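Hi there,

Here is the structure I promised to pass on to you. Please open it alongside this email, and my notes follow below.

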There are 2 protein chains.
Amino acid sequence: MITASFRLRKIRKKQYFLQEGDVCEYIGFIMQGAMRQYRVDEKDTEHTVNLFIEDWWVSDRESAVMLTPSSYNIEAWEDTELLVATTAAMQELITRIPAFAKMARVMDQRSFIASQKRLNFALSYSAEKRYTAFAAEHPNFLQRFPQHIIASYLGITKDTLSRVRKQTLKK
Amino acid sequence: MITASFRLRKIRKKQYFLQEGDVCEYIGFIMQGAMRQYRVDEKDTEHTVNLFIEDWWVSDRESAVMLTPSSYNIEAWEDTELLVATTAAMQELITRIPAFAKMARVMDQRSFIASQKRLNFALSYSAEKRYTAFAAEHPNFLQRFPQHIIASYLGITKDTLSRVRKQTLKK
DNA sequence: CGAAAATTTGACATGACTCAACTGGAGTGG
DNA sequence: CCACTCCAGTTGAGTCATGTCAAATTTTCG
């Protein structure tokens, strides 16, 4: 039943898994590759909302749950292979298989906890602290994504991040 | 079974539902009153993480899920009445009653979506925009909580919020 | 090799913070 | 009912972190 619900999909670098305005109809599990979720504000500035690599689940939960058009884009940052299921199929698995239900709940809880943690950082720490904390927690992300993406994920400009790194290198 | 799991509890203004360092063993549903969840940073500054009023569920999800000591305090801001269950009892209800499981999942998802939304605001909008958006979305909170609490919830100082309000009143 | 993408750097502008002082209630006790 | 204190909010002056913009430099990759 599970294998019937998923199919392997390859997305080339710079191609989209989800585009702004579409309802998120799929959920993916990354086997190989890296992706980013971002939104574009009124001033055409991109804000990176999430970064994903191997073993992460990708989807816009808000759109998938509420069935509303997404305000995000999710693009492959590297050539990526993922196992993809429709949101409906995933829902079906959750109602049929108790273990899946448990997993889904754990996923939701972890997402929330992570988001809450990020919010704490955004609201109370300096650019430098945010960067060093991020670097400590996700050292591998630093290799996979360029600095200006990391900067936008941390809510600072690439210029500021560049200066921050120069500072921290001295130490 | 449900009624057996909950009991009514009254908490007076300024009393704690949860204190920093304790594992969150209870979850509450507010019948009447208002509460706030906050943490204290190294510089002894309080950061309001969440505000709750009637019909909201209260708990520190992170502590309850991970069984780790909480880094937050949850205090009654007004005299409050809530229906309280132990985290364990709640868990039991979730595994036994499918409707409860569904509800729990929806709660988790909504929390995540709300947190994500707040994160977006914190990372990309000015103090003024954050305030006006908050005021538009939760006008009733403005009456229930004093300005310095709202300011700390928005991640700005009370001084800045005071100035922001003066500006927006002119318009 | 050459073009595009990413990073660094400087000069400058500005939003928000800090700190301290002041004002005005709201509650409390004599 | 007044005096007193506590808490919330306002305001001004000065400072600082971060943003903005443009240019120079380096790296990546077809």
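This is a predicted model: local features need pLDDT of at least 70, side-chain atom pairs count only at pLDDT 80 or more; totals for chains, interfaces and linings use all residues.

Let's begin with DNA strand C. There are 16 residues around DNA strand C, and those that come nearest are Pro146(A), Gln147(A), Ser162(A), Ser126(B) and Thr160(B). Two or more residues of this surface come from each of helix H7 (147-154) and H8 of chain A, and likewise from helix H5 (127-137) and H8 of chain B. H8(A) gives the most, with 6 residues. By class, the surface near DNA strand C holds 7 charged, 6 polar and 3 nonpolar residues.

Now for DNA strand D. Around DNA strand D there are also 16 residues, with Ser126(A), Thr160(A), Pro146(B), Gln147(B) and Ser162(B) coming nearest. Helices H5 (127-137) and H8 (158-170) of chain A, together with H7 (147-154) and H8 (158-170) of chain B, each supply at least two residues of that surface. Which element makes the largest share of the surface near DNA strand D? That is H8(B), with 6 residues. The surface near DNA strand D is made up of 7 charged, 6 polar and 3 nonpolar residues.

Finally, the hairpin in chain B. Strand E4 (residues 34-40) and strand E5 (residues 46-53) of chain B run antiparallel and are joined by 7 bridges. Within this pairing, Arg36(B) has Leu51(B) of E5(B) as its bridge partner. The hairpin leaves 5 residues between E4(B) and E5(B), and Asp44(B) in the turn has a positive phi of about 65 degrees.

Best wishes

Note on methods. Residues are numbered from 1 along each chain as its sequence is written. Chains are lettered from A and ligands numbered from 1 in the order in which they are written. A residue is near a molecule or strand if its C-beta atom, placed from the backbone, lies within 6 Å of it. Helices (H or I, at least four residues) and strands (E, at least two) are DSSP runs, numbered from the N terminus. Ala, Val, Leu, Ile, Met, Phe, Trp, Tyr, Cys and Pro count as nonpolar, Asp, Glu, Lys and Arg as charged, and the others, Gly among them, as polar. Two strands pair if DSSP finds at least two bridges between them.
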